[in-house]
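Please keep the sequence and the model in view while going through the numbered points.

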Amino acid sequence: MSEGYNQIRDRWSVRAGEWLMYAAAYVTRLLTRWVPVWRLSRALGAVGSRLALLIPGVRRRADENLAMIFPEMGRDERRRTVMAAARSFIHLAVEYTHFDQLLRDLTVEVRGMEHLEAAQASGRGAIIVTAHFGNWEAIRIAAKRAGHETGIIYRAFNNRYLDRFTMDLIPDAGAPVVQKGRQGMRQLVQTVMRGGNMMILVDQRNSGAPFIDFLGHPAETVTAAADLALRTGAALIPAYAVRDTEAERFDVVFEEPVTGDDGVEMMAEVNRRIGAWVRAHPDHWLWFHRRWKSTARSRPNA
């Protein structure tokens, strides 16, 4: 009976914590709804970058990742990069919280739209592959403004309330918006087979997936995006968005499609492309998760 009571108590405490986090986000949205997104983002980003250094687990994980990928980077530079990545995360959180305003007011400079246009003209659609880099929603916004509706498949937030909050907002950037899982994958495949466009974020570790090089180290990488492109004939197009807080815009780039006849080799090229973005803009990538299994054994250099 005591064990059952503890489980119920834990379940309610988790739900209460989730609700409080959602309430904080919602209240913040209400109190700041008249503040321009870029101004709010800069103000909160400065605070958030400092707070990241106060969370030992988050700081340590990002520091370990950076030390492994950039062994030449000294401790002070890693610290500055962790702060910059935290600032980028706060920018992202603000942009999601005020997504309707972002959708309305966002300025984008686009390169490579011809690759997406060619995929649409072929009637076979496109699978846009990207990463947790900058704000990936800017890619879908740019595509929609050009007349190319683009859906997304995403991993549901652990916080059910924040997940519903987000689901009420992001479909305006492009549909369908589906969650990872059997049903979501079915919708993704159906959309692509009808000649539509879908975005997939492919930079998270998935246990059991093939080990493919990413930034010089083997990382478990799902090949579903490439496999689907081979199956349907859809274009596999890497794309990314770089945030320019001073110019108050995103620079969105659609790269040349990745081609080939083997899913693993194609995803190796996708990882290479993403790695190039991260090396060029290390502050834009979220260094706070364990992308590589070996990271846990890594220790930062002085």
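1. In the hairpin of β8 and β9, four residues lie between the strands, and E248 takes a positive phi near 55 degrees. Helices (H or I, at least four residues) and strands (E, at least two) are DSSP runs, numbered from the N terminus.

2. This is a predicted model, in which local features need pLDDT of at least 70 and side-chain atom pairs count only at pLDDT 80 or more, while totals for chains, interfaces and linings use all residues. Residues are numbered from 1 along each chain as its sequence is written, and side-chain values use heavy atoms, with hydrogens and water left out.

3. Strand β8 (residues 235–244) has two pairing partners to consider; two strands pair if DSSP finds at least two bridges between them. Strand β9 (residues 249–254) runs antiparallel to β8 and is joined to β8 by six bridges, with R249 in β9 as the bridge partner of D244. Strand β2 (residues 126–130) pairs with β8 in the parallel sense over four bridges, and I128 stands opposite I237 in β8.

4. How many of the 10 residues of β8 are buried? Nine are, and the strand is mostly covered. Here buried means under 20% relative accessible area, exposed over 50%, and partly exposed in between (1.4 Å probe, protein chains only).

5. The structure holds 11 salt bridges, each being a side-chain nitrogen of Lys or Arg within 4 Å of a carboxyl oxygen of Asp or Glu. One of them is formed by E95 and R243 (2.8 Å, N to O). E95 lies in helix α4 and R243 in strand β8, so this pair ties together parts that are 148 residues apart in sequence. Both E95 and R243 are buried.

6. E64 and R290 form another salt bridge, with the closest N and O atoms 3.2 Å apart. This pair links distant parts of the chain, 226 residues apart: E64 is in helix α3, and R290 is in the segment after α11 (263–280). Why does E64 count as buried? E64 does so because its relative accessibility is 3%, whereas R290, at 29%, counts as partly exposed.

7. Within helix α11, E269 and R273 lie four residues apart, about one turn of the helix. Their side chains meet in a salt bridge (2.7 Å, N to O). E269 is partly exposed, with a relative accessible area of 23%, while R273 is buried, at 13%. Both belong to a network of salt bridges that also links E255 and R272.
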